[in-house]
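Work through the pocket exercises below. Try each task before reading its solution.

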Amino acid sequence: MFLWGTSISANQAEGAYLEDGKGESITDRLPLGKERFQVMNEPGRWAKKKFDNYPSHKAIDFYHHYKEDIALLAELGINSFRFSISWPRIYPTGLEKEPNEAGLLFYDKVLDELEKYQITPIVTLNHFDTPYHLAENYGGWAHPICIEAFETYAKTLLTRYDGRIRYWIPCNEINMAQHIPYVGAGLMLDREKNPEQLKIQAIHHLLLAHASVTKLAHEINSENQIGCMIAAGNTYAKTANPEDVMLAIEKDRESYLFPDVQIRGNYPAYFLSELKRKGLSLTVSDQEQALLSEHTCDFLAISYYNSRMCSADCSKNQDLSSGNVFATLKNKYLEETEWGWQIDPIGLRITLNTLADRYQKPIMIVENGLGAKDRLTDNQIKDDYRIYFLQAHISEMEKAIADGVDVLGYLSWSAFDLISASTGQLSKRYGFIYIDQDDTGNGSGRRFRKDSFFWYQNFLKHTDIQ
Ligand code: BG6
């Protein structure tokens with residue numbers, strides 16, 4: 001069965017941030033607006049500051065609306081739904097001996113609802129949701145305590161939901177640890193003396209934890225399918241100048257590093273050489289190497305929002321585009337969203353083909369969508385721009401399938417308008433379902449079906465890909 005669905009994450013949807021025993025997550029410390037980037041960049045410096053608005057605290061209150069929301073998903077006609085479990089809802093500081101039963105009960109009920117409508121769950125274990133306690137007191141994933149804490153958390157879920165959840169993605173966009181180390185790995189590098197070295201340490205710990213959870217998942221149930229995930233999107237060279245082409249290869253390797261280990265089972269030579277060049281070290285014991293080589297993933301999950309472009313020429317004033325936290329040059333052949341993300345549907349086909357050639361594994365597209373300002377008028381939302389965006393990307397995915405790429409599923413981002421990970425805005429809307437709420441959390445919270453809702457519903461009834 002081809003998985004047609006949509007995705008959300010706990011910290012962007014649930015709200016109820018300290019309810020029923022939940023602890024604080026790293027994202028619960030991210031405020032709305034420009035200061036959000038300051039905290040992401042210098043989390044140590046801003047740790048003590050109190051802000052007026054933390055969007056994840058309320059989000060779209062999926063915690064209390066899950067029944068109504070899942071009923072809407074069933075009406076939409078999707079057969080799969082990716083959501084994340086909030087790590088600090090289950091282990092509030094990450095270090096408790098026993099899980100928080102009230103937190104688990106919430107996910108029991110979410111699964112009950114999904115089963116009622118025969119919607120397949122795809123579960124992310126950590127979507128930018130490391131317990132804040134681990135970041136503040138241990139420096140996040142640079143400390144090995146996170147590996148053990150994550151294994152305990154994962155074991156709790158793999159055991160409790162054995163047979164109910166088959167698709168597991170241990171870590172959302174693991175390559176974000178390179179670009180936004182606080183969000184991706186709970187690192188507070190502005191407090192540290194040797195930040196680059198600590199980042200390498202954290203990446204190693206994330207990869208070890210990933211392999212260990214993959215091992216555990218396969219031991220608990222051989223039917224479990226484990227996906228590693230990156231924020232994907234090929235880098236184009238700005239010109240045919242070989243220097244630009246080489247730089248594009250290097251940029252892509254920043255992301256490939258992760259599935260190179262998680263699927264191929266070894267740290268790639270280019271990465272080890274780069275460490276040497278930079279005077280950084282990585283020690284991998286024989287036992288760790290065996291874990292990494294023997295417990296690789298079953299599929300590759302990707303988010304795809306845009307391609308990137310680079311140039312080796314630093315002398316000129318290069319025109320930058322914002323993109324999904326990756327610095328990228330503006331590509332004159334592409335249009336941009338209102339937030340400056342370049343729109344490149346063919347880039348999805350290119351990316352799928354590249355990744356399929358490189359890894360020879362099935363690929364699941366778990367995020368793809370358009371953040372835009374929608375207007376609610378007479379209870380209607382005319383979001384034809386979103387329909388065009390999704391249509392164009394799905395069509396390129398279909399071409400990639402015709403090229404021979406083994407695509408497991410397409411899950412849009414997102415079913416609902418929710419908190420933007422980068423800006424904290426709700427007004428950067430991605431959903432098929434409009435939430436009547438503004439950036440500061442005011443509004444009725446009522447759900448409205450957008451035009452794109454009816455379009456996707458109709459598309460799912462008629463698509464040949466089943
Ligand atoms: C992905 C994340 O990087 O991009 C999501 O996994 C995020 O959490 C999505 O919401 C879109 O980014 P943004 O910043 O527009 O919300």
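**Exercise 1.** Which helix gives the most to the lining of the second largest pocket, and with how many residues?

**Solution.** The model is predicted: local features need pLDDT of at least 70, side-chain atom pairs count only at pLDDT 80 or more, and totals for chains, interfaces and linings use all residues. Residues are numbered from 1 along each chain as its sequence is written, and side-chain values use heavy atoms, with hydrogens and water left out.

Step 1: A pocket is an open set of points on a 1 Å grid over the protein atoms alone, where a 1.4 Å probe fits, with protein on both sides within 12 Å along at least five of seven lines; lining residues have an atom within 4 Å of a point. Helices (H or I, at least four residues) and strands (E, at least two) are DSSP runs, numbered from the N terminus.

Step 2: list the contributors. H12, strand E8 (308-310) and strand E10 (328-329) each supply at least two lining residues.

Step 3: pick the top one. H12 leads, with five residues.

**Exercise 2.** Which residues lie nearest the centre of the second largest pocket?

**Solution.** The lining has 18 residues. Nearest the centre are Lys251, Met309, Phe326, Ala327 and Thr328.

**Exercise 3.** Describe the lining of the largest pocket.

**Solution.** Step 1: count. There are 20 lining residues, with Gln178, Glu250, Glu254, Glu274 and Lys278 nearest the centre.

Step 1: assign elements. Helices H9 (176-179), H11 (195-220), H12 (242-264) and H13 (269-278) each supply at least two. H13 has the largest share, seven residues.
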